[in-house]
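This report examines selected salt bridges, strand pairings and side-chain contacts in a protein model. The sequence and structure are shown first, and the discussion follows.

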Amino acid sequence: MAGFKEYRRNPKSMSDVATNGTPVVNFPTAVGQVDYMDLIHTLAGTEATKAQVEANIISYELMFGGDSFGVYKPANTNMLNAFYGRAFEPGYLTHFFTEEWRQNTAEAEASAFIPGLFVDPALRIVLGSAASPALTHWLQTEGLGARGRQAVNVQPEAVTATLEKRGFPGLIKHLEQHVDIQASGTTETDFFFERSSKVIRGWHFQGANITGIRMLVDDQEVLNFSSKRALDVKLERRGFVPQANVWSIVPEALAGSALAHFRKNHGNAENDVLFKIKTSDLTDAKLLVEQYEMPPTRPNVGG
């Protein structure tokens, strides 16, 4: 029945996990949309702490057709979850697909993951050297009716095109970039953002020494924050939770709508993005970018 939320263990999950291993978990393709997945990590029957999760799971990777789509680090996932108001639960590494913090259900579910649309979806996990980690993979899903399942199975390309028209931008990927700080004090460091994805959800600049950020698009200033508090108060008013030493430039959070996603192109021309960053010293910073990309879609049956 469509609309019924189900929380269940993935029957295609690993049954035994070796230290320093790389288990692969296949997503079931008949579950409808996946709102989020939990990778539950215990040690000797006890739920792992946040530090243990981030140390023992080096990274996890979404794969389609055997090829890498996106690599995610638990520390980044936990930081972003906290920013979007989802606190860490001992033992749980949670990856949200449906962005339920959005203003309405339509905007939230436009980001859901429907495994049956894409080519052989799987999750690859890179483990550290912890002794005898136990992992289980659970999915929060919403079932599809008979007509919906038939459409996904027979016309995945057509269904994906329809979802795109409704605002589905693809799945989130994380991109890490190094920010080379070249000046401090009143002099700004110019950081040109070069990207390949068409839609950006947000930029998260990490550095305790950052004192101000301006953002220019096509040489026009669109954001100017002379202190972190000036940025944070706007995010808090929208219900988000700013993180220590992280300047989160998230258009939808500042504007209150998914329609505010930053899009690469304006007409046929690309938008040039320049960040001007002030710092208290020359310590380099890190940038974590949330960007959307469409996984490879299964072909329609019969072409």
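The model is predicted. In it, Arg201 and Glu290 form a salt bridge whose closest N and O atoms are 2.5 Å apart. Because Arg201 belongs to strand β12 (residues 199-206) and Glu290 to strand β20, this pair ties together parts that are 89 residues apart in sequence. Both Arg201 and Glu290 are buried.

Strand β20 (residues 285-293) also contains Glu293, whose side chain meets that of Lys173 in a salt bridge with an N to O distance of 3.4 Å. Lys173 lies in strand β10 (residues 171-179), and the two partners are 120 residues apart, so described as linking distant parts of the chain. Glu293 has a relative accessible area of 28% and is therefore partly exposed, since the buried class requires a value under 20%. Lys173, with a relative accessible area of 17%, is buried.

## Other salt bridges

In total, the model has 15 salt bridges. One of them joins Arg229 to Glu236, with the closest N and O atoms 2.9 Å apart. Arg229 is partly exposed, at a relative accessible area of 47%, and Glu236 is also partly exposed, at 37%.

Salt bridges can also share partners: Lys5, Asp35 and Glu142 are joined in this way into one network.

Is strand β8 mostly covered or mostly open? Strand β8 comprises residues 121-127, and five of its seven residues are buried, so that the strand is mostly covered.

Strand β8 pairs with strand β2 (residues 24-26) in the antiparallel sense, over three bridges. Within this pairing, Asn26 has Ala122 of β8 as its bridge partner. Strand β5 (residues 57-64) likewise runs antiparallel to β8, and seven bridges join these two strands. Here Leu62 stands opposite Leu123 of β8.

## An open four-strand sheet

An open sheet is formed by four strands in the order β11-β19-β13-β14, with antiparallel pairing. Strands β11 (189-193) and β14 (220-225) are at its edges; each has a single partner strand, so one side of each is left without a neighbour in the sheet. From one strand to the next, the twist averages 20°.

Ile249 is located in strand β15 (residues 246-249). Its relative accessibility is 1%, and Ile249 therefore counts as buried, the limit for that class being under 20%.

Which residues does Ile249 touch, not counting those up to four places away in sequence? The contacts of Ile249 are Gly202, Trp203, Phe205, Met215, Leu223, Phe225 and Leu231. Among these contacts, Gly202, Trp203 and Phe205 fall within the residue range of strand β12 (residues 199-206). By contrast, Glu89 is 160 residues from Ile249 along the chain, and the C-alpha atoms of the two are separated by 26 Å.

Terms used:
Residues numbered from 1 in each chain as written. Predicted model: local features only at pLDDT ≥ 70, side-chain atom pairs only at ≥ 80, totals over all residues. Heavy atoms only, no water. Salt bridge = Lys/Arg side-chain N within 4 Å of Asp/Glu carboxyl O. Buried < 20%, exposed > 50% of the residue type's maximum accessible area, 1.4 Å probe, protein only. Pairing = 2+ DSSP bridges. Axes fitted to C-alpha atoms, helices over the stretch in contact; angles between N-to-C directions. Contact = heavy atoms within 4.5 Å.
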